[in-house]
Amino acid sequence: MTQDLDKLQATGGVDLVQDTGLELMGPARSLRADALRRLRKNKLAIAGLVWIVIVVLVAITADLWVPRWLGDPVEIDSTTAAQRMLLGPSWEHPFGTDKLGRDIASRVVYGARVSLIVGVLAVAIMVLIGLVMGAIAAYYGGIWDSIIMRLADIFFAFPYILFAITLIAVLGRRGIENVFLAIGLLGWPSIARVFRSSVLSVKENEYVDAARALGASTWRILFRHILPNAVAPIIVYATMSIGGAILTEAALSFLGMGVQPPNPSWGNMLSDARAFMQSAPHMMLFPGLAILTTVLAFVLLGDGLRDALDVKMKE
Amino acid sequence: MAPLLEIDDFRLYFYTRDGVVKAVDGITFTLEEGETLGVVGESGSGKSVTALSIMRLVPEPPGKVVSGDIRFKGTSILGLSEKEQQRLRGNRIAMIFQDPMTSLNPVYRIGQQIAEPLRLHKNLSRKEAWEAAVELLKQVGIPQAEARARSYPHEFSGGMRQRAMIAMALACGPDILIADEPTTALDVTIQAQILELMQEIQQKTRSAIILITHDLGVVADMADHILVMYAGKAVEYGRAEDVFYDPLHPYTWGLLESIPRHDAETKQPLTPIKGQPPSLINLPAGCAFSPRCAYARPECSRVTPQLTEIEPGHYSACLFAYDREFIAQFENRVTQSEASEKVR
């Protein structure tokens with residue numbers, strides 16, 4: 001437990017009152033409480049957060065109600081498929097049906113699962129690699145800095161989607177693992193850059209020298225003193241990157257390199273809808289709206305977090 | 001027994017793209033238990049680098065120890081491993097930094113930060129360290145210490161933060177406390193309080209203090225010995241009274257003259273030392289102070305003076321420090337009584 005606390009503290013996570021075993025008496029407000037309060041004032045960011053929560057809840061609970069109410073997202077009922085294909089929105093099928101008579105609402109909901117899993121895991125991978133790379137580059141500097149940053153430059157030099165397609169082709173088109181793996185492996189350089197510059201500026205603070213003067217070890221200084229002060233831009237960037245990763249997944253699936261039919265993903269649904277753009281526009285509309293609103297929600301939340309975490313915005 | 005701290009002909013240069021910066025160029029002094037040494041000089045005279053060298057906090061590269069030794073209780077600290085250095089820092093040798101506004105980590109509570117050295121060096125549990133931190137806050141004169149320990153740095157004023165920094169430095173009962181311009185960033189009234197606090201604590205703990213400042217007035221009350229630095233070199237060293245009342249180097253004269261006087265009968269402009277400190281890459285030939293020295297003679301730009309003992313325990317690096325007539329020039333301009341007035 002204590003070790004867990006240490007870990008959480010290193011990331012600036014835990015409210016530090018509890019490990020002193022004392023109740024908070026004074027008006028001392030943590031930076032986190034301050035940030036939350038500022039975030040609450042930002043209506044757009046809250047709207048984004050609410051939408052993300054809705055999408056997450058719907059995706060998590062999908063198995064409980066979606067197949068029963070809306071129909072199976074994958075199975076094709078061959079007996080009725082002919083009458084049910086390409087129907088417009090109705091009470092029975094709120095988002096209409098696709099060319100094989102499957103309920104689009106059901107497919108959009110299951111597509112949300114894919115998008116969220118890919119988005120979150122891809123960003124987790126890129127943050128993990130990016131933080132380590134950025135921290136090493138900034139703290140050790142010199143040759144390490146050069147090697148890591150030139151490597152990042154090489155990654156930047158490749159056209160992103162083409163690089164992702166190539167990587168998936170190499171890893172194999174098996175399922176979503178390779179999709180988030182590819183996005184995560186390709187996304188770390190920007191996180192590393194942001195974190196590097198953040199650490200570089202935090203490193204100059206006198207409290208870092210003060211910590212060394214207290215006899216703290218390099219790792220303690222890096223994780224306990226620099227990281228919590230340098231991580232704010234990463235929180236912001238990571239939130240926005242989830243939106244970006246969802247978009248990339250959609251693009252890859254659209255191109256046939258992501259989630260494979262019959263499994264639904266917002267990207268491959270759009271791809272299916274291309275042929276029916278004029279005859280059944282609802283097929284394109286709803287997955288498109290899902291992508292738009294979800295990506296927008298992450299970007300708005302990220303934007304709000306940036307303002308909320310900015311210490312200079314303090315009233 | 002070996003003295004607490006010995007610095008022996010210590011030289012530390014920075015190797016930069018523009019050339020070799022001779023930041024500390026041959027400093028020698030000793031520090032005894034409970035003693036206070038005032039290190040005085042302009043910006044860039046090597047005061048802070050000397051302090052950071054004792055803490056082994058000078059980044060290497062670009063810094064490099066060229067010669068000399070620093071011994072703590074007889075053991076050279078230059079040969080210590082990183083781990084051994086960490087055991088010394090904050091534990092036996094502690095440091096107070098110049099700007100209390102930036103020396104505390106904004107994401108942790110004051111109490112936690114004071115507890116940190118105790119957790120690092122004394123293996124105290126979180127709760128014990130916290131209680132000790134509250135006790136330390138009381139000692140440095142923070143009212144309602146229990147509640148204030150829970151505050152974050154941004155809720156403290158500059159003076160309170162410097163008190164917290166002192167509490168942090170004192171947490172492990174260090175043998176040496178290095179204070180690098182501890183009052184420069186504070187109001188004059190708070191300055192006096194902080195200096196008083198340091199003196200009080202020194203009387204209680206018997207730790208030695210190295211007080212670095214560019215203000216002779218600050219060290220006047222506190223220091224037992226004074227080391228005057230110029231361009232990385234010691235130009236004068238001696239007991240505080242000797243340096244104040246019988247200064248033997250024109251640079252020290254300049255520093256003494258530039259202290260604002262409150263007892264002046266008529267309105268007088270301040271007397272600054274003219275010119276700029278020299279570039280530490282291209283030091284002037286001979287005595288580094290000679291281009292700015294109002295008393296310079298032709299020899300000064302040719303012969304490099306060495307710090308020599310002029311009177312028992314009183315050293316000067318002026319070629320003419322032996323010459324009573326030369327020294328008398330200063331005494332004629334400012335009578336001794338006036339000099340002592342200024343200092344008080």
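Start with one residue pair: Met229(B) has Ala234(B) of S10(B) as its bridge partner. That pair belongs to a run of six bridges between strand S9 (residues 225-230) and strand S10 (residues 233-239) of chain B, and the two strands run antiparallel. Keep in mind that this is a predicted model, with ipTM 0.77 and pTM 0.74. For chain B, the mean pLDDT is 82, and 93% of the residues reach 70 or more.

**The eight-stranded sheet of chain B**

- S9(B) and S10(B) sit in an open sheet of eight strands, ordered S6-S7-S8-S3-S9-S10-S12-S11, with mixed pairing.
- The edges go to strand S6 (93-96) and strand S11 (308-311) of chain B. Each has a single partner strand, so one side of each has no neighbour in the sheet.
- On average, neighbouring strands here are turned by 25° against each other, ignoring direction.
- Helix H6 (residues 158-170) of chain B packs on this sheet, where it touches S6 and strand S7 (176-180) of chain B. The direction of H6(B) makes about 170° with that of S6(B).

**The four-stranded sheet of chain B**

- Chain B also has an open sheet of four strands, in the order S2-S1-S4-S5, and here the pairing is antiparallel.
- Which strands stand at the edges of this one? They are strand S2 (19-31) and strand S5 (75-76) of chain B; each has a single partner strand, so one side of each is left without a neighbour in the sheet.
- Helix H1 (residues 47-55) of chain B packs on the sheet and touches strand S1 (5-16), S2 and S4 of chain B. Its direction is at about 70° to that of S2(B).
- Two bridges hold the antiparallel pairing of strand S4 (residues 63-72) of chain B with S5(B). Within S5(B), Ser76(B) is the bridge partner of Arg71(B).
- The loop between S4 and S5 of chain B contains Lys73(B). This residue is not a glycine, yet its phi is positive, near 50°.

**Where chain B meets chain A**

- The contact draws 32 residues from chain B and 24 residues from chain A.
- On the side of chain B that touches chain A, helix H2 (82-88), helix H3 (110-121) and helix H4 (126-139) of chain B each supply at least two residues.
- H3(B) gives the most to that side, with five residues.
- Sorted by class, the side of chain B that touches chain A has 14 nonpolar, nine polar and nine charged residues.

**Helix packing in chain A: H4 and H14**

- Helix H4 (residues 43-69) and helix H14 (residues 282-309) of chain A have axes that come within 7 Å and cross at roughly 135°. The pair is therefore oblique, and the crossing of H4(A) past H14(A) is left-handed.
- H4(A) contributes residues including Leu44(A), Trp51(A), Ile52(A) and Val55(A), while those from H14(A) include Phe298(A), Leu300(A), Leu301(A) and Asp303(A).
- This contact of H4(A) with H14(A) has eleven nonpolar, four polar and one charged residues.

**Helix packing in chain A: H7 and H9**

- Helix H7 (residues 142-157) and helix H9 (residues 176-203) of chain A pack at about 130°, with their axes 9 Å apart. That makes H7(A) oblique to H9(A), and their crossing is left-handed.
- From H7(A), Ile148(A), Ala152(A), Phe155(A) and Phe156(A) meet Leu186(A), Pro189(A), Ala192(A) and Arg193(A) of H9(A).
- The class count for the contact of H7(A) with H9(A) is seven nonpolar, no polar and one charged.

**Helix packing in chain A: H12 and H13**

- The axes of helix H12 (residues 232-254) and helix H13 (residues 266-273) of chain A come within 6 Å and cross at roughly 40°. H12(A) and H13(A) are therefore oblique too, and the crossing of H12(A) and H13(A) is right-handed.
- Among the residues that meet are Glu249(A), Leu252(A) and Phe254(A) in H12(A), and Trp266(A), Asn268(A) and Leu270(A) in H13(A).
- The contact of H12(A) with H13(A) divides into six nonpolar, four polar and one charged residues.
- Pro262(A) lies in the loop between H12 and H13 of chain A. The peptide bond leading from Pro261(A) to Pro262(A) is cis, with omega near 10°.

Definitions and conventions. Residues numbered from 1 in each chain as written. Chains lettered and ligands numbered in written order. Predicted model: local features only at pLDDT ≥ 70, side-chain atom pairs only at ≥ 80, totals over all residues. Contact = placed C-beta atoms within 7 Å. Nonpolar A, V, L, I, M, F, W, Y, C, P; charged D, E, K, R; others polar. Pairing = 2+ DSSP bridges. Axes fitted to C-alpha atoms, helices over the stretch in contact; angles between N-to-C directions. pLDDT = per-residue confidence, 0-100. Parallel < 35°, antiparallel > 145°, perpendicular 65-115°, else oblique. Left-handed = near helix turned anticlockwise from the far one by under 90°.
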